[in-house]
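Hi everyone, thanks for making the time. Let me put the structure up, and then we'll walk through it together.

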Amino acid sequence: MFRHITFILSVALFCSCQTGKNKTEYQNPLEVQFGDPFVLLAPDGRYYMYGTSESGNIDGFEACSSDDLVHWAPEGQVYRGNTPDSWAIANFWAPEVYYRNGKYYMLFSADWRYNPTNEAENFRIGVAVSDKPTGPFKELSDGPLFDPGYPIIDGNLIEDDQGNLYLYYSRCCYKHPVESEIADKARAEGKFDEIEESWIYGIQVKPDLTGVIGEPVLLLRPPVKADDTQSEWESRSVTSGEVNRRWTEGSFMLKHDGKYYMMYSANFFGGANYAVGYAVSENPLGPFRKADNNPVLQKNTAQGGIVTGTGHNSVTTSRDGKQLYCVYHGRTSKTGNKRVVFIDKMSIGEDGILRVDGPTTSPQTIE
């Protein structure tokens with residue numbers, strides 16, 4: 001029913017116990033300090049989680065594994081960059097791992113060593129490969145997957161029914177000022193002189209992940225008009241005076257009933273307003289229409305909860321493929337500023353509407 005190439009996480013939950021046949025109880029957040037968590041259900045039947053390290057002292061990525069999405073075992077560092085042979089030298093973010101043709105391929109974002117104009121943000125997306133989901137992952141080439149001429153992050157893949165492979169990524173806000181009614185209002189209120197934006201693009205990728213085919217296609221961007229139904233929630237970091245940037249990033253694509261569902265995150269990843277929406281298309285390269293029920297995941301403090309900064313999700317499934325789970329990072333008033341991992345059930349109804357049952361901090365069950 002649901003098509004994606006494969007999914008990934010790290011460590012153990014605050015509490016867990018068996019509650020009945022094939023059900024395990026747990027409680028969010030997990031004791032996992034990852035940003036941008038991605039969960040892979042591998043051919044060996046185990047789940048593997050990868051994410052952006054919150055320790056701040058790792059040149060690469062770690063992983064954990066689980067039999068049940070509840071009890072997680074650390075697998076150590078699975079990829080190391082910033083070596084003499086590596087093109088990637090710093091800011092290792094948002095790993096995703098896919099199983100293809102007997103091997104495991106990791107997409108990741110990092111600063112490119114080649115930086116002749118000394119850019120402050122010089123991110124590109126690379127590919128590393130391994131024979132095992134626990135690595136070691138080695139870079140597939142001596143450079144990033146491709147260079148669009150601007151910094152990019154958050155690579156995500158999907159394969160269509162014809163076997164064509166597509167990459168989705170976010171153009172960074174860096175040096176990308178965009179005019180809009182939101183920018184006009186921010187200037188008028190004396191908050192910011194300009195508003196930079198990040199936009200999501202898609203492009204076809206070679207089957208062996210050694211390069212791209214064709215040119216990038218713009219798929220999603222923040223609203224231009226203030227009365228756009230998406231404008232309020234996607235502009236909160238600006239309208240609150242937090243920062244002069246609007247993000248469209250952290251894409252995750254899945255296919256359901258012949259349609260492509262792109263989940264994405266908006267607002268500052270380090271702030272309370274980070275939230276998730278989605279858009280739908282008949283084709284992998286659009287056009288995409290944002291959903292009327294956005295955002296589908298956001299802070300719950302207005303309802304008396306303790307969770308903020310919910311975003312950059314991935315999706316995994318129960319082993320039988322019947323239950324979808326949204327895996328994402330967030331913060332709570334108890335865990336502080338470090339990003340921690342949450343897992344909540346999600347669904348796509350017969351009406352085509354995607355829903356996430358979160359964020360939760362009460363006892364939940366894994367099927």
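Let's start with Lys-175, which counts as exposed, because its relative accessibility is 53%. For the cut-offs, buried means under 20% relative accessible area, exposed means over 50%, and partly exposed is in between, with a 1.4 Å probe and protein chains only. Lys-175 sits in the loop between β15 (165-171) and α1 (181-188). Those labels are DSSP runs numbered from the N terminus, with helices (H or I) of at least four residues and strands (E) of at least two. Lys-175 is not a glycine, yet its phi is positive, at about 55 degrees.

A word on what you're looking at: this is a predicted model, where local features need pLDDT of at least 70, side-chain atom pairs count only at pLDDT 80 or more, and totals for chains, interfaces and linings use all residues. Residues are numbered from 1 along each chain as its sequence is written, and side-chain values use heavy atoms, with hydrogens and water left out.

Back to the backbone. Leu-69 is also not a glycine and has a positive phi, of about 70 degrees. Leu-69 belongs to the loop between β8 (60-66) and β9. Is Leu-69 buried or exposed? Leu-69 counts as buried, because its relative accessibility is 2%.

There are cis peptide bonds to look at too. One joins Gly-135 and Pro-136, with omega at about 5 degrees, and Pro-136 is in the loop between β12 (123-130) and β13 (138-139). Another runs from Gly-358 to Pro-359, with omega near 5 degrees, and Pro-359 falls in the loop between β27 (354-356) and β28 (363-366). As background, most residues other than glycine have a negative phi, and most peptide bonds are trans.

Now the interior. A nonpolar core here is a set of buried Ala, Val, Leu, Ile, Met, Phe, Trp, Tyr and Cys residues joined through side-chain atoms within 4.5 Å. The largest one has 42 residues, and Leu-167, Tyr-169, Met-263 and Leu-354 have the most contacts inside it. Apart from that core lies another, of 19 residues, with Leu-40, Ala-88, Ala-128 and Phe-137 among them.

Next, Ser-86, in the loop between β9 (72-80) and β10 (88-100). Ser-86 counts as buried, because its relative accessibility is 3%. What does the side chain of Ser-86 reach? It reaches the backbone oxygen of Ala-88 at 2.9 Å. Leaving aside neighbours within four places in sequence, Ser-86 is in contact (heavy atoms within 4.5 Å) with Tyr-79, Gly-81, Arg-113 and Glu-139.

Finally, charges. How many salt bridges does a search of the whole structure find? The search finds 21, a salt bridge being a side-chain nitrogen of Lys or Arg within 4 Å of a carboxyl oxygen of Asp or Glu. In one of them, Arg-100 pairs with Glu-159, with the closest N and O atoms 2.7 Å apart. Arg-100 is in strand β10 and Glu-159 in strand β14 (residues 152-159), so the pair ties together parts 59 residues apart in sequence. Arg-100 is buried, at 9% relative accessible area.

Glu-189 and Lys-185 also form a salt bridge, with closest N and O atoms 2.4 Å apart. Glu-189 counts as partly exposed at 42% relative accessibility, and Lys-185 counts as partly exposed at 48%. To finish, Asp-36, Glu-54 and Arg-339 are linked in a network of salt bridges. Thanks, everyone!

Technical notes. A polar contact is a pair of N or O atoms within 3.5 Å; within protein, one must be able to donate a hydrogen and the other to accept it, and residues adjacent in sequence count only if both atoms are side-chain atoms.
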